[in-house]
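Hello,

I am passing a structure on to you.

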Amino acid sequence: EWAVETLTAILAANPTDAELKMLLGRALHDTGDEKAAKVRFDEAVASESSNAELRGARGMFLQKLGRSKEAREDLDLALAQKPEQLDWRASRAAALRDLDLIDDAVCDCNVVLA
């Protein structure tokens, strides 16, 4: 809760900071407030839609929620810019598995395990 309160106060002073919105989304997720976390992740991506870090973070969050189709979209965009991010690739592999795209999931797993 301390992190949520602190980040909320900092964000109030810097309302356009997408990175702060993402951090607050992560903190909210850690406290179990998935709805508020998604709002913050969505706000972050809306303000900087081409930012790979924001897309990757939201994609991983969405995958944890079981929203595999949305997760894959974000992770595809993030990995197009930063293919070396193995945590994003692992999350995308899980999304692909959930979407029954097994061959694609195996390809991502092979990259992660290489």
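Below is what was found, topic by topic.

This is a predicted model, with residues numbered from 1 along each chain as its sequence is written. Local features need pLDDT of at least 70, side-chain atom pairs count only at pLDDT 80 or more, totals for chains, interfaces and linings use all residues, and side-chain values use heavy atoms, leaving out hydrogens and water.

The core comes first. A nonpolar core is a set of buried Ala, Val, Leu, Ile, Met, Phe, Trp, Tyr and Cys residues joined through side-chain atoms within 4.5 Å. Buried means under 20% relative accessible area, exposed over 50%, partly exposed in between (1.4 Å probe, protein chains only). The largest such core holds 24 residues. Met22, Leu24, Leu54 and Trp88 have the most contacts inside it. Helices 1 to 6 each supply at least two of its residues. Helix 2 (18-31) gives the largest share, six residues. Helices here are DSSP runs (H or I, at least four residues), numbered from the N terminus.

Leu54 touches Ala18, Glu19, Met22, Ala44, Val45 and Glu48, leaving aside residues up to four places away in sequence. Contact means heavy atoms within 4.5 Å.

Next, the rings. There is one aromatic pair (ring centres within 6.5 Å). Phe41 and Phe61 are stacked (planes under 30 degrees apart), at 4.7 Å centre to centre and 25° between the planes. Phe41 sits in helix 3 and Phe61 in helix 4, 20 residues apart. Both Phe41 and Phe61 are buried.

Last, a loop residue. Asp100 lies between helix 6 and helix 7 (102-113). Its phi is near 60°, a positive value in a non-glycine residue. Asp100 counts as exposed because its relative accessibility is 64%.

Best wishes

How values were computed
Rings of Phe, Tyr and Trp (its six-membered ring) pair if their centres lie within 6.5 Å; planes under 30 degrees apart count as stacked, over 60 as edge-to-face and the rest as tilted.
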